[in-house]
Amino acid sequence: MVPEYYLVIKMRESIIMKIHYGTALGAVALVAVHILMRLSQKFSDSLQYQNVLANYHFLPYALMLEVILILLSVHGFNGLRVILLELKQGVAYERAINYGSIVAMIVLVAYGSRTILMAGMGLS
Amino acid sequence: MAEQFSNREGIKGMTNPTRYGLHRVAYWLQRLSGLGLLAYLIGHIYETSTILNGKAAWNNMLSLTETPGGHLVLVLVIGMCVFHTGNGIRLMISEGGKGVGKPGQPEYPYRASSLNSKQRLCIWVSIALAALAMMYGAGVLFGD
Amino acid sequence: MATVEVPKEQKVEPTTPAPAPSKPKTITLRISRSNPSENAETKFEEFKIPVQKWTTVLEAILYVKQSLDHSVAVRYSCRQASCGSCGMKINGKPRLACYTKVSELESNVITVEPMNNFPIIRDLAVDFKQLFSTHKKMKPFIINEESEVQPGTKEFIQTPEDLEKFLQFSYCIKCGLCNSACPTMATDKSFIGPQGLAQAYRYTADNRDQGKNDRLKIVDQSHGIWRCHFAGSCSYVCPKGVDPAMAIQLLRGYMLGFRK
């Protein structure tokens with residue numbers, strides 16, 4: 001049984017929103033690079049199996065994808081958390097939404113990182 | 001009974017973009033595009049994970065996404081992404097207190113300084129850029 | 001004895017005809033009727049009333065009360081947009097009934113309903129308890145250890161430039177139209193609301209006040225200032241030019257470090 005005090009993660013809303021804005025700015029820059037990479041060759045060619053794998057084998061690009069994944073997961077699920085908190089209020093509901101958002105972020109980052117790691121290490 | 005007579009507009013009121021000018025429309029579009037992009041992100045993470053299952057699985061996934069329907073979805077995503085980015089930058093700057101006008105003595109007919117022409121221009125520019133990006137994206141995707 | 005010449009009356013030929021007196025026309029006023037203490041039913045009652053060019057919605061409602069149905073419950077007081085009592089939803093938008101002319105609505109059917117996001121007491125009268133309690137939470141008074149009234153002290157000096165930084169936000173009449181229009185208030189019962197946040201800024205921006213940190217702590221919560229998304233509806237409907245949206249963004253500027 002996890003002690004009660006481990007279950008209460010308090011972060012001021014202003015800090016959360018600064019993270020929201022920071023992840024937004026970071027994601028804008030890196031997603032722009034990600035999209036431009038697709039345009040560096042013919043679009044249909046860029047989606048061919050070998051070409052996609054080659055992207056994962058190129059370490060800087062793979063790292064960039066990992067950073068995009070983290071930034072967008074945090075930004076996206078925090079935005080969803082804000083919308084859901086506005087729709088309904090209550091101590092239990094809000095706690096569920098807050099922790100649910102963190103869990104969703106972790107799950108998405110974990111799943112995406114698995115793809116990047118395994119594809120990068122040639123484990124497909 | 002107390003809930004009913006709290007008289008809150010509810011989701012219907014929150015999602016209604018009309019009645020209050022361009023800023024309310026931009027708020028509604030920002031929310032809609034944000035949710036759409038989150039759904040696309042989850043789908044995209046799943047879609048790209050199929051590369052781990054080999055060439056056949058990857059090509060199978062491509063046969064689903066590299067279709068007119070798939071391209072249409074992608075064009076919409078491009079539009080949502082550009083609008084959300086442009087309007088988001090406008091919001092970040094405005095929420096820092098810049099570009100919302102200066103406090104002063106209100107004069108009849110009391111037009112709000114925060115809803116000024118610069119703000120409206122930024123919203124229209126975001127919409128225009130999204131439209132342009134969608135057209136370019138459609139050209140690349142359907143022209144291939 | 002000096003004589004004063006009185007100029008002969010000169011006949012002035014009229015160049016433009018005098019405007020014809022405004023003919024009264026008839027409009028339909030639909031009033032939302034509900035009595036939560038008796039039942040959950042809400043219905044609309046229609047009344048045909050004569051209006052003239054300058055008739056306000058409040059005058060139309062009072063005509064109904066006077067001549068057609070005395071039981072219509074409506075809150076009003078000053079009739080000149082100073083007290084904020086007569087806020088209601090008129091043809092779908094929150095407005096002050098005394099400040100809205102029937103002619104400016106450009107419709108022969110006027111629908112009046114109680115303001116959204118406020119509990120209904122009866123018909124058009126709504127409960128302002130939450131607005132007032134939120135307003136009080138913002139500490140709407142000057143917080144200053146010194147005092148202007150003790151012997152040997154001076155008044156707090158304020159230049160016209162200092163005054164202009166917060167003056168427009170002090171014109172709030174607590175009519176509640178902003179809270180009614182706000183999309184976050186539509187679903188979030190715990191949200192402070194544009195009125196409270198604007199008043200928090202009014203006092204924060206006042207150079208006589210030393211309570212900035214207290215107020216920033218109060219608004220920095222999950223249902224505080226960060227649930228405003230600059231939809232601007234509050235400023236769109238404000239009848240006094242308070243522009244709560246501007247106040248909220250300026251207050252956020254303090255929290256993001258853009259303003260000191």
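Predicted model: local features only at pLDDT ≥ 70, side-chain atom pairs only at ≥ 80, totals over all residues.
Colleague: Where in chain A is confidence lowest, and where is it highest?

Modeller: Confidence in chain A is lowest in helix α2 (residues 43–46), at a mean of 80.

Colleague: Ok, on to chain B. How many helices and strands am I looking at?

Modeller: Chain B has five helices and zero strands. Going along the sequence, the pattern reads α-α-α-α-α.

Colleague: How does the radius of gyration of chain B sit against a compact globule?

Modeller: Chain B has 21 Å, whereas a compact globule of 144 residues would be near 15 Å. Its C-alpha trace spans about 70 × 45 × 25 Å along the principal axes.

Colleague: What percentage of chain B counts as buried?

Modeller: 34% of the 144 residues in chain B count as buried. As for contacts in chain B between residues at least 6 apart in sequence, 72% of them join residues at least 24 apart.

Colleague: How many residues are in contact between chain B and chain C?

Modeller: On the chain B side there are 34, and they are in contact with 41 residues of chain C.

Colleague: Which elements of chain B give two or more residues to that side?

Modeller: Those would be α1 (10–14), α2 (22–49) and α4 (68–94) of chain B. The largest share, four residues, is from α1(B).

Colleague: Now chain C. What is it built from?

Modeller: Chain C contains eight helices and seven strands. It is divided into domain 1 (25–126) and domain 2 (129–255).

Colleague: What separates the centres of the two domains?

Modeller: 29 Å lie between the centres of domain 1 and domain 2 of chain C, taken over C-alpha atoms. There is contact between them too: 14 residues of domain 1 of chain C meet 12 residues of domain 2 of chain C.

Colleague: Which element gives the most to the domain 1 side?

Modeller: Strand β4 (residues 93–96) of chain C gives the most to the side of domain 1 that touches domain 2, with four residues. By type, that side of domain 1 of chain C splits into seven nonpolar, five polar and two charged residues.

Colleague: What about the strands? Do β1 and β5 of chain C run parallel or antiparallel?

Modeller: Parallel: β1 (residues 25–34) and β5 (residues 109–113) of chain C are joined by four bridges. In that pairing, Thr28(C) stands opposite Val109(C) in β5(C).

Colleague: And what about β3 and β5 of chain C, parallel or antiparallel?

Modeller: Antiparallel this time, with two bridges joining β3 (residues 87–90) of chain C to β5(C). Ile90(C) has Val112(C) in β5(C) as its bridge partner.

Colleague: Switching to helices: how many residues of α5 in chain C are buried?

Modeller: 11 of the 11 residues in α5 (residues 194–204) of chain C are buried. Among them are Leu197(C), Gln199(C), Tyr201(C) and Arg202(C).

Colleague: What do those buried residues of α5(C) pack against?

Modeller: Other helices of chain C, namely α2 (129–137), α4 (177–181), α6 (212–219), α7 (233–237) and α8 (244–255).

Colleague: And taking chain C as a whole, how much is buried?

Modeller: 42% of the 260 residues of chain C count as buried. The C-alpha trace of chain C spans about 80 × 70 × 35 Å along its principal axes.

Colleague: Last one: how many residues of chain C are in contact with chain A?

Modeller: 12 residues of chain C are in contact with eight residues of chain A. The chain C side divides into two nonpolar, six polar and four charged.

Terms used: Residues numbered from 1 in each chain as written. Chains lettered and ligands numbered in written order. Pairing = 2+ DSSP bridges. Contact = placed C-beta atoms within 7 Å. Rg over C-alpha atoms; globule rule 2.2 N^0.38 Å. Buried ≥ 20, exposed ≤ 12 C-beta atoms within 10 Å, placed from the backbone. Domains from an automatic or database assignment. Nonpolar A, V, L, I, M, F, W, Y, C, P; charged D, E, K, R; others polar. pLDDT = per-residue confidence, 0-100.
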